[in-house]
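The sequence and structure come first.

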Amino acid sequence: MSVKTELHPEIIRDFHNNAFSTPVIGITGGKGGVGKTTVAVNLTAALAARGKKTALIDADVDAPNGGILLGMSLENALDVTVNEPIFDSEKCTDCQKCVKACGMNSLFRSKEKTITLLGECNGCEVCFLVCPVDAITQGPRSVGTTYKNERGNLTLYTGALHPGLAESALIVNAVKERAFAEGDSFDVILVDTSPGTHCNVIGALKGAAYALAVTEPTPLGAHDLDLILSLLDMFAVKKDVVVNRADLPGRQAAIRETTAAHDGEIVTELDLDEELLASYLEGIPVVDFRPDSQASTTFMNMADNLIAEYLSPEQQRTEGQS
Ligand code: SF4
Ligand code: SF4
């Protein structure tokens, strides 16, 4: 049973506050390995095939495989940097305000009374702000890369953290900022989040008015569906459910009950599909690989429903290049 948490209305307002009017749709899931990225990629391709200028933000930066499944390479790389502190021991008065203020507990004072960065720095810049004598300067450090690639109506934004680093939230924010800066140039933006209900998922969903939660009819799938739907409730995100591997014998009833308990609907059920699997292995969306297949029809129907529900009348009429 989920626990309901009420957020301050200001937090919810900020969560939904975008600088553009293009609808943002999250593709998410409480559990990994349920086909979330398959849904995101094929729905993106279906919207593009309907002539809609569609952006896919692959915000699953720890396992960014949207590009592989779309058959699109990583291009137009931009470096993501954070400002790490550099300490001037001549100016430092040893007040230790920076040590106490660092939320990552990454600053230490040595016996020689010098301040040293030991550990992760997320570039929050709090230490710069609290230093009373300007003894800290900013040194940029590269933490990862964002990419952008375009093909017809489809634009893919993705990013990757440098190996061995742990600050993936920085890349999620950077890839979203890059896409959102161009938000008005699309008819619709999809965001593929990482699985789970942690900060990166919340960061990825920020700005989404609607989300599809992808799950599977297993005991863990039902449990994790409850968690992700509770998170979406908390941030007042309208949501529905896609059941992947709906043909698995198992917890269909539990999935139905959980969905209904969160005022959602199961909008699509995907059975094991040979043609979808073949398209996955080829790295070509099924709507392009096998346009006459059942799976292709399913994703085109989903795209049509999203267009009718969330795109403005003007966006519904636009016809981009194919
Ligand atoms: S920038 Fe933020 S995280 Fe990094 S050392 Fe300073 S206070 Fe800590
Ligand atoms: S806040 Fe500034 S003066 Fe105080 S210990 Fe840190 S670097 Fe030194």
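## Ligand surroundings

The shell around ligand 1 holds 14 residues, and Cys102, Cys121, Cys124, Val126 and Cys127 are the closest of them. By residue class, this shell around ligand 1 contains 10 nonpolar, three polar and one charged. The model is a predicted one.

Ligand 2 is likewise surrounded by 14 residues, with Cys92, Cys95, Cys98, Cys131 and Ala135 as the closest. Its shell splits into 10 nonpolar, two polar and two charged residues.

## Domains

The domain assignment divides the protein into domain 1, made of residues 9-71 + 143-317, and domain 2, residues 82-141. Taken over C-alpha atoms, the centres of domain 1 and domain 2 are 39 Å apart. Four residues from domain 1 and five residues from domain 2 make up the contact. On the side of domain 1 that touches domain 2, three residues are nonpolar, none is polar and one is charged.

## The sheet

An open sheet is built from nine strands with mixed pairing, and their order is S3-S6-S7-S2-S8-S1-S9-S10-S11. At its edges are strand S3 (78-87) and strand S11 (266-270), each of which pairs on one side only. With direction ignored, neighbouring strands of this sheet are turned against each other by 20 degrees on average.

Within the sheet, strand S1 (residues 24-28) pairs with strand S9 (residues 210-215) in the parallel sense, over four bridges. Ile25 has Tyr210 of S9 as its bridge partner.

## Helices on the sheet

Helix H2 (residues 36-49) lies across S1, strand S2 (54-58), strand S7 (154-161), strand S8 (188-192), S9 and strand S10 (238-244). The direction of H2 is at about 165 degrees to S8.

Helix H8 lies across S1, S9 and S10. Relative to S9, H8 runs at about 170 degrees.

## Packing of H8 with H9

How do the axes of helix H8 and helix H9 cross? The axes of H8 (residues 219-234) and H9 (residues 252-261) come within 9 Å and cross at roughly 10 degrees. Because angles under 35 degrees count as roughly parallel, H8 is roughly parallel to H9.

From H8, the contact takes Gly221, Ala222, Leu225, Asp226 and Leu229. From H9, Ala254, Ile255 and Thr258 take part. Sorted by class, the residues of the contact of H8 with H9 are five nonpolar, two polar and one charged.

Methods: Residues are numbered from 1 along each chain as its sequence is written. Chains are lettered from A and ligands numbered from 1 in the order in which they are written. This is a predicted model: local features need pLDDT of at least 70, side-chain atom pairs count only at pLDDT 80 or more; totals for chains, interfaces and linings use all residues. A residue is near a molecule or strand if its C-beta atom, placed from the backbone, lies within 6 Å of it. Ala, Val, Leu, Ile, Met, Phe, Trp, Tyr, Cys and Pro count as nonpolar, Asp, Glu, Lys and Arg as charged, and the others, Gly among them, as polar. Domain bounds come from an automatic or database domain assignment. Two residues are in contact if their C-beta atoms, placed from the backbone, lie within 7 Å. Axes are lines fitted to C-alpha atoms, for helices over the stretch in contact, and angles run from 0 to 180 degrees between N-to-C directions. Helices (H or I, at least four residues) and strands (E, at least two) are DSSP runs, numbered from the N terminus. Angles under 35 degrees count as roughly parallel, over 145 as roughly antiparallel, 65 to 115 as roughly perpendicular and the rest as oblique. Two strands pair if DSSP finds at least two bridges between them.
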